[in-house]
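Please keep the sequence and the model in view while reading.

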Amino acid sequence: MKNRTRALVLAGTCAALVATLVAAGPAPAAPAAAAPAPKAASVRGGGTVHYPYVPASHDIRFTVDAESVPWSRPLPGLEQGLPTDARGRVTVYHAQPEENFTGVAEAEVDCLVTGGRTATVTAVVKSSNVPGWEGRRIGLSVQDGERGAPDRVGFSWGIANVDPKPDGSPAQAPVGTCMAPAPFTEVTKGGFRVTPAPLAPQPPAKP
């Protein structure tokens, strides 16, 4: 009986050892995870800027909500669109207390390109109380400050985008897609977030 008990104990020990070895064996390989979808470039936020060429009482603000949608705006001769195609909205607000007037423009984003923490956005004005602004394309550049530096904004009117006429008098030139000056003004209130992304690869040509 004693020997039989010992045999049963040994058998149990062997069974436990086999179970342990099986459990410790390599687990079946997990299926390979799908590659993450490419990140879309975007600019989001709003802020008040310091612009030195207007009275200090003026209040100039920008709001941007733009996201890249590459190759989504076909044009004649550019049937696939452009890698910088984008969507979203831009709002421009400029209060001028001395004139008892606040100019506002709402614009539809058509282009966005990023480089690091800087982005260039253009948008076509759909509604505005400023004469001559409806239908006009405007350009903005946004720099997402880092290491405590302030955010910055540049805009295509005011100090830039002058195209002299044949007689030498200044005229404001039209703004092309994704065209804007460097971010020359400092954001004093609020802020922007730039999410950069590389340019999307060109899609295959349609048969």
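## Strand pairing

Strand 2 and strand 3 (residues 86–96) run antiparallel and are joined by ten bridges. Within this pairing, threonine 63 stands opposite threonine 91 of strand 3. The model described here is a predicted one.

Strand 2 (residues 59–68) also pairs with strand 1 (residues 42–50), again in an antiparallel arrangement, through eight bridges. Here valine 43 has alanine 66 in strand 2 as its bridge partner.

## Aromatic rings

The model holds seven aromatic pairs. In one of them, phenylalanine 155 and phenylalanine 184 have ring centres 5.1 Å apart and planes at 50 degrees, so this pair is tilted. The two residues come from distant parts of the chain, 29 residues apart: phenylalanine 155 is in strand 7 (residues 152–155), and phenylalanine 184 is in the loop between strand 7 and strand 8 (185–195).

Phenylalanine 155 has a relative accessible area of 2% and is buried, whereas phenylalanine 184, at 26%, is partly exposed. Both belong to a cluster linked by ring pairs, which also contains Tyr51, Tyr53, Phe62, Trp133 and Trp157.

Side chains of opposite charge can pair when their charged atoms come close. There are eight salt bridges in the model. One of them joins arginine 73 and glutamate 108, with an N to O distance of 3.9 Å. Arginine 73 is in the loop between strand 2 and strand 3, while glutamate 108 is in strand 4 (residues 101–115), 35 residues apart. Arginine 73 is partly exposed at 28% relative accessibility, and glutamate 108 is partly exposed at 34%.

Another salt bridge links arginine 89 to glutamate 106, whose closest N and O atoms are 3.5 Å apart. Arginine 89 lies in strand 3 and glutamate 106 in strand 4, so this contact ties together parts 17 residues apart in sequence. Relative accessibility is 42% for arginine 89, which counts as partly exposed; glutamate 106 is also partly exposed, at 24%.

## A buried aspartate and a network

Aspartate 110 and arginine 137 meet in a salt bridge of 2.9 Å, N to O. Aspartate 110 belongs to strand 4 and arginine 137 to strand 6 (residues 137–143), 27 residues apart. Aspartate 110 is buried, at 8% relative accessibility, whereas arginine 137 is partly exposed, at 27%.

Terms used. Residues numbered from 1 in each chain as written. Predicted model: local features only at pLDDT ≥ 70, side-chain atom pairs only at ≥ 80, totals over all residues. Heavy atoms only, no water. Pairing = 2+ DSSP bridges. Helix = DSSP H or I, 4+ residues; strand = E, 2+ residues; numbered from the N terminus. Phe/Tyr/Trp six-rings, centres within 6.5 Å; stacked < 30°, edge-to-face > 60°. Buried < 20%, exposed > 50% of the residue type's maximum accessible area, 1.4 Å probe, protein only. Salt bridge = Lys/Arg side-chain N within 4 Å of Asp/Glu carboxyl O.
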